[in-house]
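Please read the points below alongside the model.

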Amino acid sequence: MKAEEFWALAEAWERRGLPRRDFLRLAFAGASAATIATILAACGGASPTATSAPAATAAPTTAAATTAPTAAGAAATTAPTAAATKAPTAAAGGAASPSAAAASPSAAGSPAAASQYPYPGGGKYSTLEPVGKQGGHVTEVVATDAKTNNPMISTDVPSNDRISLQFNALLSINPDNALPYADLATDVPTKENGGISADGLTYTFHLRKDVKWHDGQPFTAKDVVFTYTTMTKKELNSPRTSELNDRMESVTAPDDYTVVFKLKKVVAPFLTSNMYRIVPEHILSSVPVAQIQQHAFSTGDPKASIGTGPFKFKEWIKDDHATFEKNPDFFRGAPALDQYIFKVVKDQNVVVAQLKTGEGDYGGITPSLWDEMSKQPNVNVVKYDTFGFTFYSYQLDPAKTTLFQDKAVRQALAYGVDRASMVKAIYFNLATVAVGTMPVLSWAYAPDQITDKYPFDINKANQLLDQAGWTKGPDGIRVKDGKRFSFNLWTGTISQAFVQDVTAMQQMWRGIGVEATPKTEDWSAFLTRLTETHDFDIFLVGFSWGVDPDQTTMWSTDASTGGFNMNKYSNKHVDELLAQGLSELDQNKRKQIYVEMQNIIEDELPNFVLFFTQGTAAVNKRVHNMFPNAVNIRWNVHNWWVADGK
């Protein structure tokens, strides 16, 4: 979660008169920005989260579920908008992000021209088989109903899932590599193709001419201009307003099929962070902006809820189901399915039960049920990487402890953790050992360029501690200048995985002469310790990155007061690199900036990213061409088909 997103949510939370500590409790417990937005909406008014238009189906989608992260993360699937970068979760062993982006490591890199932003095809999540049968339906089983049908104001996961069937953005996100590809636009703007000006402040989009709204009206640049200008108006109460007004100077239409954005400053992730689903100008232009939230377009009406996507809105029975019908005029070709149904059930247990019986075709499952669901003859279970991770943080304030001032000591403890064993024993093999701070999904992932990888190495750990002057005493615990190497290792009882993590680390560190005492407490008290008193030696918790590799919120000096830099780490060069990364448009150069940043972080090791958790889901075997992933499951929903045609 970016610092600006964090503070936007925190400000809105306090405007509702809600205790700030409860907001922080959710953020660290595993609640995504979208989930927090749902809670805010339930408290009255529109949620101000910076979530753009991602959609996800996570196993725990209720507010209550966010306070009980599972051992290895819940399944999540997200909508195909480029704006899906805006809602990272704060989970390790918690709900998978509804807006994180999946990408194969092999695809990490920097496109230099539009030809390197192709429509998905041939990758892990985009290798399709020919449609074998027309007709039938898919039923997705979910535990939470939607809030709105309007992409300009949507913040909750269920709403965004449904919106992903009905609406398109100028660009979408490739599930294989987390890079944008053209959707309503004809190509992705670059400097090479003239779409981005030399100063990086002007973006020109050329639009497809074969797109129609569900009522038959042509899609034009007027719709794009209307959507973006409407979202800049505060009376809409949109979660996108603040960021758009901060970044965008103007949006204009020189002709019916050209749109020009002028920015106030260089925004490297503009093509992933600010690509929102477009709404119909001819439906909403006569509606007062303050009334759009209550308009039939937003609440769901077949005559008013008009989109450009592969499925049309049919009906919505609150807390029961929503039905969508195929759009035969979809610009990428008519869908094979006749209907897509979202079925709302009581909880995750009912989701799993209906997947077993075949009443449901698709749904997220918790990792603890992975083995059980793997044995079901009628479903395929899938696991996929997410951006959620588990990490621990060293106390760097010498006024509180001097144990960790020497980076050699911090490095020794990292070498002393057998992360591979923890992944197997605690996370059911549904996690990946981290190399650096970038997840394997990111285009900035570059493990071969990370100098310090910290494999489990007891000899290296002992050597570093010996050199640092820590010698083993009679009881095997190391001592220096008469002080035992003994400290408390804190975590919250909200996650059983966290408790198991610190217990395992205690045993491992005992093997190198270090005495760590696990300390657990309820989430509220634990959060007070992290965010207010900072009374800890080491703490373990979870968080999540987004699609864009910017990690300012954890490593920058400013993030110690406006983000998640909880141990007040400060390195001027890291600050400079983070700033460069946000203003550099060349992705190859950005990647190398983040490699340099990671190598500093991994050397100094203020925090240690242990592993990235995975998501899990189940799909009925009758469904073809459906590939659950952490970024864009419905990018090809028009290609999904069911073998029985039912």
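1. Basis. This is a predicted model, in which local features need pLDDT of at least 70 and side-chain atom pairs count only at pLDDT 80 or more, while totals for chains, interfaces and linings use all residues. Residues are numbered from 1 along each chain as its sequence is written, and side-chain values use heavy atoms, with hydrogens and water left out.

2. Aromatic pairs. The whole structure holds 35 aromatic pairs (rings of Phe, Tyr and Trp, the last by its six-membered ring, with centres within 6.5 Å; planes under 30 degrees apart are stacked, over 60 edge-to-face, the rest tilted). Tyr392 and Trp509 are edge-to-face, because their ring centres are 5.6 Å apart and their planes stand at 90°. Tyr392 is in strand S11 (residues 379–394) and Trp509 in helix H15 (residues 496–510), so the pair ties together parts 117 residues apart in sequence (helices, H or I of at least four residues, and strands, E of at least two, are DSSP runs numbered from the N terminus).

3. Burial of that pair. Tyr392 has 0% relative accessibility and counts as buried (buried is under 20% relative accessible area, exposed over 50%, partly exposed in between; 1.4 Å probe, protein chains only). Trp509 is also buried, at 0%.

4. Core. The largest nonpolar core has 150 residues, and Tyr392 and Trp509 are among those with the most contacts inside it (a core is a set of buried Ala, Val, Leu, Ile, Met, Phe, Trp, Tyr and Cys residues joined through side-chain atoms within 4.5 Å). Apart from it lies another core, of 12 residues, including Val141 and Met373.

5. Helix H5. Nine of the 11 residues of H5 (residues 221–231) are buried, so the helix is largely enclosed by the rest of the structure. One of these buried residues is Tyr228.

6. Salt bridges. There are 19 in the whole structure (a side-chain nitrogen of Lys or Arg within 4 Å of a carboxyl oxygen of Asp or Glu). Asp603 and Lys407 form one at 2.7 Å, N to O; Asp603 lies in helix H20 (residues 587–604) and Lys407 in helix H12 (residues 407–415), so parts 196 residues apart in sequence are tied together. Asp603 is partly exposed at 24%, and Lys407 is partly exposed at 34%.

7. A buried bridge. Asp548 and Arg590 meet in a salt bridge at 2.9 Å, N to O. Both Asp548 and Arg590 are buried.
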